[in-house]
Amino acid sequence: MNTKDIIIKETETTDFNDIMEVEKQAFGYDKEAELVAGLLKDKTATPYLSLLAFYQNEAIGHILFTKVTLEDAKQRPMLHILAPLAVKPRFQKMGVGGLLIKTGIEFLRERGTEIVFVLGHMDYYPRFGFIPDAKSKGFVAPYPIPEKYANAWMVLPLTGKVLDMKIAKVKCANELNKPEHWRE
């Protein structure tokens, strides 16, 4: 499969079943699918960006970016968090996830997002510009991240000015702002 043959589109309500199928297959259980379903209904997650990747008319990957805010911040920049990224198992390690990330970041940049966060694999996300240990840059995760996983909490500035902010705690949409989503 060539990534040039993959079509990425912004999702619509009619894509819900495809999104759920991708999430369930990618993770092998329903937890992430239930999180996505909840986030898509959560008004505090908007504006969000939901993208599906298709190969030969089959939905093979999904990515969701939801709105986050900074607690007690005087500035109110547009911020998002990537959670989750899902690719059906038979299409993993073929560049689908990377294509979804790159496309999503470009969409967000065009829409005025200044910062994107992710809590994810420490070797994967830096390939796309994410800076490990967002806390050291002044962005505290919604729930404590154990020191040995500090590099998994990452930040991607989409403009040059955002890393000049003072220390601020990130607040996710209500559905994602629960401790069970921030444990190993």
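Helix axes are lines fitted to C-alpha atoms over the stretch in contact, and the angles between them run from 0 to 180 degrees between N-to-C directions. With that in mind, in this predicted model the axes of helix H1 (residues 16-27) and helix H2 (residues 31-41) come within 8 Å and cross at roughly 150 degrees.

- The crossing of H1 and H2 is right-handed, and on the H1 side the contact is made by Phe16, Ile19, Met20, Glu23, Lys24 and Phe27.
- On the H2 side, the residues that make this contact are Glu32, Ala33, Val36, Ala37 and Leu40.
- Sorted by class, the contact of H1 with H2 has eight nonpolar and three charged residues, with no polar residues.

**The nonpolar cores**
- The largest nonpolar core has 34 residues, of which Ile81, Phe117, Phe139 and Trp153 touch the most other members.
- Two or more residues of this core come from each of H1, H2, strand E2 (49-55), strand E3 (58-70), strand E4 (79-87), strand E5 (115-119), strand E7 (153-157) and strand E8 (168-171), and H2 gives the most, with six residues.
- Leaving aside residues up to four places away in sequence, Phe117 touches Val68, Leu79, His80, Ile81, Leu82, Phe130, Phe139, Trp153, Met154, Val155 and Val170.
- Another core, of 25 residues, lies apart from the largest one, and its members include Ile63, Val87, Ile101 and Met154.

**Ala86 in strand E4**
- Ala86 is found in strand E4, and this residue counts as buried because its relative accessibility is 1%, where buried means under 20%.
- Not counting residues up to four places away in sequence, Ala86 touches Val22, Glu23, Ala26 and Phe27, and also Ile60, Gly61, His62 and Leu100.
- Ala86 and Leu49 are 37 residues apart along the chain, and their C-alpha atoms are separated by 14 Å.

**Strands E5 and E7**
- Strands E5 and E7 run antiparallel and are joined by five bridges; Leu119, for its part, has Trp153 in E7 as its bridge partner.
- E7 is mostly covered, with four of its five residues buried, and Trp153 is also among the residues that touch the most other members of the largest nonpolar core.

Methods. Residues are numbered from 1 along each chain as its sequence is written. This is a predicted model: local features need pLDDT of at least 70, side-chain atom pairs count only at pLDDT 80 or more; totals for chains, interfaces and linings use all residues. Side-chain values use heavy atoms; hydrogens and water are left out. A crossing is left-handed if the near helix is turned anticlockwise from the far one by less than a right angle, and right-handed if clockwise. Contact means heavy atoms within 4.5 Å. Ala, Val, Leu, Ile, Met, Phe, Trp, Tyr, Cys and Pro count as nonpolar, Asp, Glu, Lys and Arg as charged, and the others, Gly among them, as polar. A nonpolar core is a set of buried Ala, Val, Leu, Ile, Met, Phe, Trp, Tyr and Cys residues joined through side-chain atoms within 4.5 Å. Buried means under 20% relative accessible area, exposed over 50%, partly exposed in between (1.4 Å probe, protein chains only). Two strands pair if DSSP finds at least two bridges between them.
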